[in-house]
Amino acid sequence: MKFVEVDFSTDIINLVLDNHKKENTLFLFPTVQSRNLALKRFQENWQFSNIEFVTFEDWKYSLFEIETPLLKEEKRSLAWFLSLEDKHKDLFRITDYFSSIEMGNKFFSFWEETNEELITEEQIYTVLEQKKSAANWQTDSFDALIDIKNKYLSFLKTMNFNDKIFHQFENFPINAGISI
C-alpha cells in the first residue's frame, strides 16, 4: 500500500484518474455527485479498459448475495406507499402518495441506520421500556413501524423485489475477514 500526500488545493479526482487508471480498477466515491464528476472527467479521455465508478453505498450492497432486484428511489417509495394499510396511513397522516414521501424517507433512513449500527428491535424495545411514559406513544409508534416493515417485506416478496433495509452487515457472508 502506498500513501501519497496531497495538498488541499489539488484536484484529487484528476490526480487519481491520471495516476491510477489501470485495467481492472474500481474507484469508490462517497457520493453520487463525486462519482458522476469523476466519470465525466474520465470519459473525456476514455479508453477501452475495465474501470468501474461506484458509490460506496452501491458497492457495499453489491457484496451481498441478493437474488431479487433491490428497489431504489421512486420505485422504492411507491412500493412502500402501496404496502401501507389504512390504519398506518391514518396514524401517520398520509393522505396520498405525495404526502407519504417524507415519512417514507424517514422510515428508510431509520431502518438503514439501525442495520448499519447493528441495532436490533429488542434493543430499541429495551430503551423504550426504560423511558416509558404514561401515554406510551413511542412504543406504539415503534410497533407500527415494525408492522409497516413486515407488510412492506410481504409486498416486496409478492412482487419479487427486495430492499436493502432487510440486509444487515452482521449477516454479511464474508464478515469475518472484512471491516467496513
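This is a guided tour of one predicted chain, stop by stop.

**Before you start**

Residues are numbered from 1 along each chain as its sequence is written, and side-chain values use heavy atoms, with hydrogens and water left out. Because the model is predicted, local features need pLDDT of at least 70 and side-chain atom pairs count only at pLDDT 80 or more, while totals for chains, interfaces and linings use all residues.

**Stop 1: the whole chain**

Show the cartoon. The chain holds eight helices and two strands. These are DSSP runs, numbered from the N terminus: helices are H or I with at least four residues, strands are E with at least two. Along the sequence the order is α-β-α-β-α-α-α-α-α-α.

Now switch to a surface. Its accessible area is about 12,600 Å², and carbon and sulfur atoms account for 53% of that. Areas come from the Shrake-Rupley method with a 1.4 Å probe; for residues, only the protein chains shown count as cover. Of the 180 residues, 32% are buried. Buried means under 20% relative accessible area, exposed over 50%, and partly exposed in between.

Contacts (heavy atoms within 4.5 Å) come next. Of those between residues at least 6 apart in sequence, 67% join residues at least 24 apart.

**Stop 2: the largest core**

Select Trp80, Phe107, Trp111 and Tyr152. Within the largest nonpolar core, which has 20 residues, these four touch the most other members. A nonpolar core is a set of buried Ala, Val, Leu, Ile, Met, Phe, Trp, Tyr and Cys residues joined through side-chain atoms within 4.5 Å. Helices α4, α6 (97-116), α7 (121-130) and α8 each give two or more residues to this core. The most come from α8, with six.

Zoom in on Tyr152. Leaving out residues up to four places away in sequence, its contacts include Leu71, Trp80, Phe108 and Phe166. Arg76 and Asp163 are also among them.

**Stop 3: the second core and Ser34**

A second, separate core has eight residues, including Ile13, Phe27, Phe29 and Phe42. Ser34 touches both, not counting residues up to four places away in sequence. Ser34 sits in helix α2 (residues 32-44). Its relative accessible area is 16%, so Ser34 counts as buried.

**Stop 4: the nonpolar patch**

Select Leu26, Leu28 and Phe56. Together they make a nonpolar surface patch of about 230 Å². Patch residues have over 30% relative accessible area and no salt bridge; like charges are joined within 9 Å, nonpolar side chains (Val, Leu, Ile, Met, Phe, Trp, Tyr) within 5 Å. Leu28 belongs to strand β1 (residues 25-29). At 37% relative accessible area, Leu28 is partly exposed.

**Stop 5: the charged network**

Start with Glu85 and Lys151. Their closest N and O atoms are 3.8 Å apart. Glu85 lies in the loop between α4 (73-83) and α5 (86-91) and Lys151 in helix α8 (residues 137-159), so the pair ties together parts 66 residues apart in sequence. Glu85 is partly exposed at 28%, and Lys151 is partly exposed at 29%.

Lys87 is in helix α5 and Asp147 in helix α8, 60 residues apart.

Finish with Lys151 and Asp147, a salt bridge at 3.2 Å, N to O. Both lie in helix α8, four residues apart, about one turn of the helix. Shared partners join Glu85, Lys87, Asp147 and Lys151 into one network.

Note on methods:
Buried < 20%, exposed > 50% of the residue type's maximum accessible area, 1.4 Å probe, protein only. Salt bridge = Lys/Arg side-chain N within 4 Å of Asp/Glu carboxyl O.
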